[in-house]
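Dear colleague,

Please find below the structure that I am handing over to you, followed by an account of what was found in it.

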There are 2 protein chains.
Amino acid sequence: MAYDIAALKARLDGIRLEENPALVRQRSRDFYWYSPTLKRQLDTVTADIVAFATTQDEVLTILAACAELAIPVTPRGAGTGNYGQAMPLAGGVVLDLSGLTRIVEIAHGRVRAEAGAIIADIDAACRPGGQELRLHPSTYRTASIGGFIAGGSGGVGSITWGGLRDLGNIIGLKVATMEPQPRILALSGEEVQKVAHAYGTNGIILEVEMPLAPAFEWIEAIIGFDDFARAAAYANALGEQDAMLKKLLSVIAAPLPQTYFARHRPYLPAGQHIVLVMVAPIARAAFDSFTARWGGRLLFDSDAVGTEDAKGLPPLYELSWNHTTLRALRLDPAITYLQTLYPFPNQLDLAARIHAELGDEVPAHLEFVRFDGKVTCFGLPLVRFSTEERLEAIIARHEAIGIPVFNPHRYTLEEGGMKQTDAAQLAFKRAADPAGLLNPGKMIAWDQPDFDFGAGRTYLFAGLAGKDGAP
Amino acid sequence: MAYDIAALKARLDGIRLEENPALVRQRSRDFYWYSPTLKRQLDTVTADIVAFATTQDEVLTILAACAELAIPVTPRGAGTGNYGQAMPLAGGVVLDLSGLTRIVEIAHGRVRAEAGAIIADIDAACRPGGQELRLHPSTYRTASIGGFIAGGSGGVGSITWGGLRDLGNIIGLKVATMEPQPRILALSGEEVQKVAHAYGTNGIILEVEMPLAPAFEWIEAIIGFDDFARAAAYANALGEQDAMLKKLLSVIAAPLPQTYFARHRPYLPAGQHIVLVMVAPIARAAFDSFTARWGGRLLFDSDAVGTEDAKGLPPLYELSWNHTTLRALRLDPAITYLQTLYPFPNQLDLAARIHAELGDEVPAHLEFVRFDGKVTCFGLPLVRFSTEERLEAIIARHEAIGIPVFNPHRYTLEEGGMKQTDAAQLAFKRAADPAGLLNPGKMIAWDQPDFDFGAGRTYLFAGLAGKDGAP
């Protein structure tokens with residue numbers, strides 16, 4: 001479909017635009033290439049033009065113009081997603097929000113910032129007051145807070161605070177609607193869930209208000225075990241230690257750490273299954289006692305590493321969550337991954353069982369979290385990719401034994417999530433984006449209300465199917 | 001047994017002492033009279049003399065003198081215990097530590113204070129830095145931090161942080177031994193558990209180091225439900241909301257609140273089973289959404305109460321934990337109570353079942369907490385007391401259906417606790433109090449190593465049995 005880009009440009013006088021195809025293409029992609037499936041499907045996706053907003057007023061101007069001209073708008077923060085969240089399947093405008101960086105207010109227990117503010121920058125501004133954000137993705141140093149909320153789910157900090165879907169982890173959102181006269185809505189309480197993790201399909205997040213936790217110089221520790229199941233059991237038990245303040249609790253099966261964590265390799269003896277821990281300094285002695293009880297080997301301890309040795313090391317959280325995948329991919333392009341949940345109370349059995357069955361092809365990586373008030377773990381196992389058919393078979397095998405898969409090889413909200421319509425998000429889209437111009441192709445419930453999630457078919461956005469390279 | 005008090009006085013020149021029998025008796029008791037059994041057993045217990053320490057050096061002087069003269073020493077903080085923890089069963093010296101009030105250091109995430117410091121005073125000192133203690137008993141405004149650690153287990157804050165037994169809720173303890181030349185020991189990590197909740201039987205706590213959490217002007221809310229089981233289910237679900245910062249979550253069955261919470265009575269319609277909630281202001285909107293989902297009635301809301309109305313009201317935590325019992329006792333001296341645990345994952349079934357069976361005689365009061373990483377509840381049900389035999393039968397009935405009872409009608413560590421020897425505490429007593437002079441009669445494992453906890457017999461301390469009024 002051809003859009004009237006010339007008319008759009010006339011209306012956006014004074015706003016920074018980019019039409020150079022190479023640069024537009026660059027701003028039209030994220031880390032979708034983690035998935036060979038998405039890479040095949042989305043590799044040629046590109047917008048017609050990128051509009052860079054630096055103020056909220058500019059966002060409203062862009063939305064109004066696009067609404068009148070019926071040009072799709074796909075919002076983008078820092079482009080650190082993995083599912084093509086910010087990729088414009090129908091072309092049109094990529095609305096780059098990375099210029100909306102203002103930190104509006106820091107108070108006791110909360111911060112208000114514009115959507116494009118980088119998470120690490122928000123923390124840096126909060127740190128003098130002894131505070132920091134509860135949650136961040138492993139892309140802490142590059143991701144925007146609005147992008148995290150629109151496209152993420154949790155990460156570092158989830159072992160204490162749960163995920164973004166939990167009521168209270170987002171205090172409020174200021175959202176613009178996609179209309180010729182955009183409205184600004186203030187959402188709080190459970191209303192935020194209409195827009196959080198909706199990939200920007202039903203509103204543009206302008207500002208966020210997030211809770212803050214005490215900031216610490218978190219101790220980074222790597223604990224080793226000879227046995228994978230023992231490492232997982234230790235992590236689970238440490239997760240259940242309510243009084244030890246933690247920020248990260250990851251389990252990564254040998255030989256992944258030894259193979260892929262290049263800078264930390266000197267600390268990682270062969271055969272050791274490792275647990276990554278970020279724990280508050282006030283819990284130091286308790287943590288040491290607890291780890292000694294379990295017979296864990298303290299392989300790495302940021303308190304004990306000399307400043308010279310520490311210089312070359314990435315922060316521990318950049319070995320965790322999807323950075324584990326990234327490090328593997330950098331060394332071995334045939335690697336991809338899954339996202340799974342090992343439901344409480346069977347998480348240890350399920351994780352050990354699937355690792356015993358598929359561990360050579362699908363080596364285990366667990367991230368312990370609080371989920372519905374209990375400690376359990378997500379999995380981000382690596383996959384030594386062969387074919388898409390085999391990948392589907394691996395997913396089916398997980399689901400057959402009771403391990404739900406949040407499929408990271410799908411670009412739609414529903415297929416990558418709960419595989420069902422989110423009625424609240426759909427209703428909000430009807431009100432806030434009546435013409436369906438925001439990030440088209442990502443919400444199946446909007447595009448194809450009769451799609452059968454149970455039929456085992458992959459949804460293909462019609463607007464995408466017409467493009468080169470689409471299946 | 002007669003002690004050489006004259007020789008002791010000569011050695012304690014310059015230290016404040018009290019020998020007036022009425023005043024000594026006053027300082028020899030706590031809230032043991034919550035229990036009719038303990039009231040009968042302990043009513044005549046008194047020390048020979050009270051020694052008031054105002055410095056740690058004075059504590060060492062007193063301990064050295066008593067160790068040389070073989071005079072028992074029972075430490076006392078503010079005397080807010082309920083089990084006779086600080087009552088000198090063998091007479092001798094009550095060591096009053098309420099003069100040790102110095103707050104030694106406040107840092108990010110932790111505070112170091114002397115044992116006699118009042119908990120509310122510690123918080124007042126920490127508040128300008130935006131911090132407060134994680135946990136406190138309902139006797140917040142009167143209890144000492146050392147007494148809480150030596151004789152308490154948890155309370156307000158346990159819904160987020162678990163209990164004092166959890167590694168990390170006590171960072172460190174500075175302890176004096178009971179020897180002619182007392183040693184000072186610094187305990188940290190799991191070592192603190194040797195002395196915590198040991199009633200001062202195996203060392204005298206001089207200083208404590210405790211973790212701090214962010215301080216808030218906690219919202220106080222009372223939520224009403226028509227149905228007790230529904231109130232409990234709501235509280236359990238709210239407890240499992242990882243992202244809503246809470247400090248208190250109590251369920252009290254009708255008609256207890258209406259009968260005993262005099263000042264709050266205007267807010268408490270007849271028949272409403274209530275949930276007491278202290279929640280952080282940053283969780284306000286999330287809390288309101290969550291409560292609306294459950295159909296809870298917001299009966300009381302500190303945000304909505306005028307300052308004039310608020311003046312006459314006690315803080316919400318003074319309706320909770322053992323203050324619930326205290327309020328009932330004040331109006332009805334025939335009331336006593338139990339302390340129970342409803343083990344996860346059956347807490348709701350067990351609480352509803354025993355309340356349905358015994359609710360008229362043993363009306364329910366639940367305190368939701370984190371326990372071993374899960375949300376569950378303790379019970380502090382009231383008991384309409386008839387006879388000690390009936391009380392024992394009620395306890396037996398609880399235990400028969402899987403509800404452990406931490407019997408608050410026993411003055412020993414073991415019978416009021418896990419009904420088994422704590423080997424670490426016993427071993428520490430051998431090293432730190434070799435002559436067995438600290439708080440005699442409270443640790444059965446020391447006094448009578450062959451006592452059979454399974455035989456259903458109540459332990460009677462020999463030194464106490466010889467006194468008037470003992471059984």
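Does B:Gln420 count as buried or exposed? At 51% relative accessibility, B:Gln420 counts as exposed, the cut-off for that class being over 50%. Please bear in mind that the model is predicted.

B:Gln420 is placed in the loop of chain B between helix 14 (388–400) and helix 15 (423–432). Once its neighbours within four places in sequence are set aside, its contacts are B:Glu414 and B:Phe453. Its C-alpha atom is separated by 23 Å from that of B:Leu42, 378 residues apart along the chain.

B:Gln241 has a relative accessible area of 15% and is buried, since buried means under 20%. Its place is the loop between helix 8 (228–239) and strand 12 (246–252) of chain B. Not counting residues up to four places away in sequence, B:Gln241 touches B:Lys246 and B:Phe290, and also A:Leu167 of the other chain.

I turn next to the interface. Chain A and chain B bury about 3100 Å² between them, with 56% of this on carbon and sulfur atoms. On the side of chain A, the residues that lose the most area to chain B are A:Leu167, A:Asp242 and A:Ile282, together 22% of what that side buries. In terms of contacts, 39 residues of chain A meet 39 residues of chain B.

Four salt bridges are counted between the two chains. One of the pairs found in a salt bridge is B:Arg293 with A:Glu190, at 2.6 Å from N to O. By class, the side comprises 16 nonpolar, 13 polar and 10 charged residues.

As to chain A by itself, the model has 18 helices and 19 strands there. Its radius of gyration is 22 Å, close to the 23 Å given by the globule rule for 471 residues, so chain A is as compact as a globular protein of that length. The C-alpha trace of chain A spans about 70 × 50 × 40 Å along its principal axes. Of the 471 residues in chain A, 63% are buried. Among contacts in chain A with a separation of 6 or more, 72% are between residues 24 or more positions apart.

Over all chains, a search of the whole structure finds 64 salt bridges. Three of them lie within single chains as follows:

- A:Lys39 pairs with A:Asp43, the closest N and O atoms being 3.4 Å apart; A:Lys39 is partly exposed at 38%, and A:Asp43 is partly exposed at 24%.
- A:Glu388 and A:Arg40 meet at 2.7 Å, N to O. A:Glu388 lies in helix 14 and A:Arg40 in helix 3 of chain A, so the pair ties together parts that are 348 residues apart in sequence.
- B:Glu114 and B:Arg102 meet at 3.8 Å, N to O; B:Glu114 is buried at 5% relative accessible area, whereas B:Arg102 is partly exposed at 47%.

Finally, salt bridges with shared partners join A:Glu105, A:Arg110, A:Arg112, A:Lys174, A:Glu207 and A:Glu209 into one network.

With kind regards

Definitions and conventions. Residues are numbered from 1 along each chain as its sequence is written. Chains are lettered from A and ligands numbered from 1 in the order in which they are written. This is a predicted model: local features need pLDDT of at least 70, side-chain atom pairs count only at pLDDT 80 or more; totals for chains, interfaces and linings use all residues. Side-chain values use heavy atoms; hydrogens and water are left out. Contact means heavy atoms within 4.5 Å. Buried area is the accessible area (1.4 Å probe) that two parts lose on being put together, summed over both. A salt bridge is a side-chain nitrogen of Lys or Arg within 4 Å of a carboxyl oxygen of Asp or Glu. Ala, Val, Leu, Ile, Met, Phe, Trp, Tyr, Cys and Pro count as nonpolar, Asp, Glu, Lys and Arg as charged, and the others, Gly among them, as polar. Helices (H or I, at least four residues) and strands (E, at least two) are DSSP runs, numbered from the N terminus. The radius of gyration is taken over C-alpha atoms; the globule rule is 2.2 Å times the number of residues to the power 0.38. Buried means under 20% relative accessible area, exposed over 50%, partly exposed in between (1.4 Å probe, protein chains only).
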